[in-house]
Amino acid sequence: MTQGGVVSQLVAVLLLAMSVASWVVILWKGWLLHRAVGDVARSTAAFWQSASVEEAGEKVAAFDREALVLPLIAATRIQPSATLACSGDLAQQLTRVLRDALHGVLNKLQFGQVLLATVGSTAPFVGLLGTVWGIYHALVGMASAGQITIDKVSGPVGEALIMTAAGLAVAIPAVLAYNIFGRHIGRIEADLEGFARDLRELLASSATLKQASRA
């Protein structure tokens, strides 16, 4: 981008930075979600096949490589205290701690989605800015030269149009990855929410049965 001036060069650098950042996120999230989809299914299956919550935690640790299920199990180990967090019955306490743990896990899964959405929505306009500026710069240069020939027009204008293509080349992978990852994240989120709900019901029911047997 030698004929568009400093603005075109800055736009090119910005598009390059956006492309690198989005591909880093794409590769990292692709690897993470590929592991997470299978790990969550295996971890929840191992949990329900265990004889106790303690044994389940040990089994799940062998499958949950991305630590998506273990935080939910760990959150249920509520320590008695004189705070509002431990007020109410066990079911209410479990609802609070599991909700907080689930939000932390989902934030981990959602990390990078904002960047992909931002790149996908803004990169075409950044490229268009480079095109508009490049064409303007070319027209100003031709007007000052006083003589317009096809070779003087084709170079600057062709270089300016490349900026639009570059913007689309940066945006399209980001948009595709955002949509694909969003579908996988939604599937994992549904599985984790179902597991958290079942875990809450299990522990709350167990506590109720223990209290009834003591009475």
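Which helix is Ser43 found in? Let's start there, everyone: Ser43 is found in helix α1. Helices here are DSSP runs of H or I with at least four residues, strands are runs of E with at least two, and both are numbered from the N terminus.

A quick word on the model. It is a predicted one, where local features need pLDDT of at least 70 and side-chain atom pairs count only at pLDDT 80 or more, while totals for chains, interfaces and linings use all residues. Residues are numbered from 1 along each chain as its sequence is written, and side-chain values use heavy atoms, with hydrogens and water left out.

Back to Ser43. Is Ser43 buried or exposed? Ser43 counts as buried, at 0% relative accessibility. The cut-offs are under 20% relative accessible area for buried, over 50% for exposed, and partly exposed in between, with a 1.4 Å probe and protein chains only. Setting aside neighbours within four places in sequence, Ser43 is in contact (heavy atoms within 4.5 Å) with Val60, Phe63, Asp64 and Val69.

Side chains of opposite charge can pair when their charged atoms come close. Searching the whole structure gives five salt bridges, each being a side-chain nitrogen of Lys or Arg within 4 Å of a carboxyl oxygen of Asp or Glu. Take Asp39, please. Asp39 forms one with Arg42, and their closest N and O atoms are 2.8 Å apart. Both residues lie in helix α1 (residues 5–48), three residues apart, which is about one turn of the helix. Asp39 is buried, with a relative accessible area of 1%, whereas Arg42 is partly exposed at 40%.

Asp39 also meets Arg65 in a salt bridge, at 3.0 Å from N to O. This pair links distant parts of the chain: Arg65 sits in the loop between α2 (53–63) and α3 (70–75), Asp39 is in helix α1, and they are 26 residues apart. Arg65 counts as partly exposed, with 47% relative accessibility.

Another of the bridges joins Glu201 and Arg200, at 2.5 Å from N to O. Glu201 is partly exposed, with a relative accessible area of 39%, and Arg200 is partly exposed too, at 24%. As for shared partners, salt bridges join Asp39, Arg42 and Arg65 into one network.

On to the core. A nonpolar core is a set of buried Ala, Val, Leu, Ile, Met, Phe, Trp, Tyr and Cys residues joined through side-chain atoms within 4.5 Å. The largest one has 44 residues, and those with the most contacts inside it are Leu15, Leu72, Leu109, Ile188 and Leu192. Two or more residues come from each of α1, α2, α3, α4 (90–110), α5 (113–145) and α6 (150–214). The largest share, 14 residues, comes from α6. What does Leu109 touch, not counting residues up to four places away in sequence? The list is Lys29, Leu32, Leu33, Leu68, Ile185, Ile188 and Leu192.

Last stop, and we meet Arg200 again: this residue is among those that line the second largest pocket, along with Leu94, Thr95, Leu98, Arg99, Leu102, His103, Glu193, Ala196 and Arg197. For the method, on a 1 Å grid over the protein atoms alone, a pocket is an open set of points where a 1.4 Å probe fits, with protein on both sides within 12 Å along at least five of seven lines, and lining residues have an atom within 4 Å of a point. α4 gives the most to this lining, with six residues. Thanks, everyone!
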